[in-house]
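Dear colleague,

Please find below the structure that I am handing over to you.

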Amino acid sequence: MSDSEKGIEIPSFFVCPISLEIMKDPVTLSTGITYDRESIEKWLCNKKNVTCPITKQPLTDFELTPNHTLRRLIQSWCMVNASSGIERFPTPRLPVSKSQILKLLQDSKSPHLRMKCLKRLKTIVFESDMNKRSVEAVGAVDYLAYIVNNPSSNVTSSSEVDEAISILFHLRLSQTGLKALFGKNGEFVEALTHVMQRTANDESRAYSVSLLKSMMEVVEPVQVMHLKPHLFIELTRILVKPISQKATKAALKLLIGVCPWGRNRIKIVEAGAVPVLVDALLDCNEKRIIETVLMLLHQLCLCADGRAELLKHGEGLAVVSKKIFRVSPAASKRAVRILHSVAKFSGNTSVIQEMLQLGVVGKLCFLLQVDYCGSKTSEKAREILKMHAGAWKNSSCIPYNLLSSYPS
């Protein structure tokens, strides 16, 4: 039962304008409006919200000042109304200030205190989203990046590097922070690649992949045109020996995102990704993973080397064709696109006959009969069938009931 239902009139200035409940920890914004800390922190931590909820004034200062006077008034009011069942709020825990974070960063420059300070910084980051913003705002990211960038020096240890990567991952950096972390020449990408090469800590490798993915999503395309081959080798290793489903998805999405730029598509193929992806399709039963693998495989099959690697694998064409109708409409669309690339650019006699024997032609004919993947995919299937109509149209391998679907 709420206080209003108990017949107790609550002073209006005790109520948070966002939650419409009594404030447990009132804090005041630079605009002069007071809110409950939890409510205003949630508002401010949404990156789309950069104004005061009440005044709509743009905020340049996100500092929250505790309103001690109002809190004491609320506590006194709760005590006066205790006989009516109103409970006194516990004294709120004091939030970490920017000055405290700066002091922690300064102390961590002392080698014998560094690990202790990093662990404390990680605890601060875990406590709240506002703490994450404060840690980023005081420049902690640059210091953490420095630790990761110097793993083999006498300055840092491998455990300190692991801790720094963990903090950077859990900070959930803003776009500006991620762009700064990437650096002008992708120095931090190189640092994370070296960590992935050397560390035996699977958690650090998983965090590194996720950080790389987040950075690649916000930087300019020209900045990902010169990624080094050893990065793609490390990402392929993660696909060969998965750390976790989350790390696998991050690696796949990262590779998909950088594929179109520069020679990245070729570099991914040269890293051995195609046979690894085919093997993943053979072994995986998770729908989202299969869909993402097919998306990447389609990107790689847009180049001649990628198609050659697919056809070189004994199960390449077969496993792609098997995903049509068996997983989801999205998976079927991507499988048809892969087959379209193969049929259009690599359709020699042996490949054409293999597609026929695998039942690909029959599936494409059936696809034209049903509305399963949409008109664009049906058009792709029609194009494939028309490309090689001379070799396929009169084949006994096509089921009789599907012959009528063969495009004229």
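**Findings on helix packing and backbone**

The crossing of H4 and H6 is left-handed. Please keep in mind that this is a predicted model.

The axes of H4 (residues 111–127) and H6 (residues 140–149) come within 13 Å and cross at roughly 130 degrees. H4 is therefore oblique to H6. On the H4 side, Arg114, Leu118 and Leu121 take part in the contact, and they meet Tyr143, Leu144 and Ile147 of H6. By class, this contact comprises 5 nonpolar residues, no polar residues and 1 charged residue.

H4 and H6 also pack, together with helix H5 (129–137), against the buried residues of H3. Helix H3 covers residues 98–107, and its buried residues include Ile101, Leu104 and Leu105. These three lie on the same side of H3, because they cover an arc of only 100 degrees around the axis. As background, an α-helix has 3.6 residues a turn, so residues three or four places apart point the same way.

A second pair of helices is H16 (residues 304–312) and H18 (residues 329–345), whose axes come within 11 Å and cross at roughly 100 degrees. An angle from 65 to 115 degrees counts as roughly perpendicular, so H16 is roughly perpendicular to H18. Arg307, Leu310 and Leu311 of H16 are in contact with Ile338, Ser341, Val342 and Phe345 of H18. The residues of this contact divide into 5 nonpolar, 1 polar and 1 charged.

The buried residues of H20 are Val360, Val361, Gly362, Leu364, Cys365, Leu367 and Leu368.

Two points concern the backbone. Most residues other than glycine have a negative phi. Leucine 20, however, has a positive phi of about 60 degrees although it is not a glycine. Leucine 20 is found in the segment before strand S1 (26–28), and it counts as exposed because its relative accessibility is 65%. Phenylalanine 325 likewise has a positive phi, near 75 degrees. Phenylalanine 325 is located in the loop between H17 and H18, and with a relative accessible area of 28% it is partly exposed.

Yours sincerely

Notes
Residues are numbered from 1 along each chain as its sequence is written. This is a predicted model: local features need pLDDT of at least 70, side-chain atom pairs count only at pLDDT 80 or more; totals for chains, interfaces and linings use all residues. Side-chain values use heavy atoms; hydrogens and water are left out. Axes are lines fitted to C-alpha atoms, for helices over the stretch in contact, and angles run from 0 to 180 degrees between N-to-C directions. Helices (H or I, at least four residues) and strands (E, at least two) are DSSP runs, numbered from the N terminus. Angles under 35 degrees count as roughly parallel, over 145 as roughly antiparallel, 65 to 115 as roughly perpendicular and the rest as oblique. Contact means heavy atoms within 4.5 Å. Ala, Val, Leu, Ile, Met, Phe, Trp, Tyr, Cys and Pro count as nonpolar, Asp, Glu, Lys and Arg as charged, and the others, Gly among them, as polar. A crossing is left-handed if the near helix is turned anticlockwise from the far one by less than a right angle, and right-handed if clockwise. Buried means under 20% relative accessible area, exposed over 50%, partly exposed in between (1.4 Å probe, protein chains only). The arc is that of the directions from the helix axis to the C-beta atoms.
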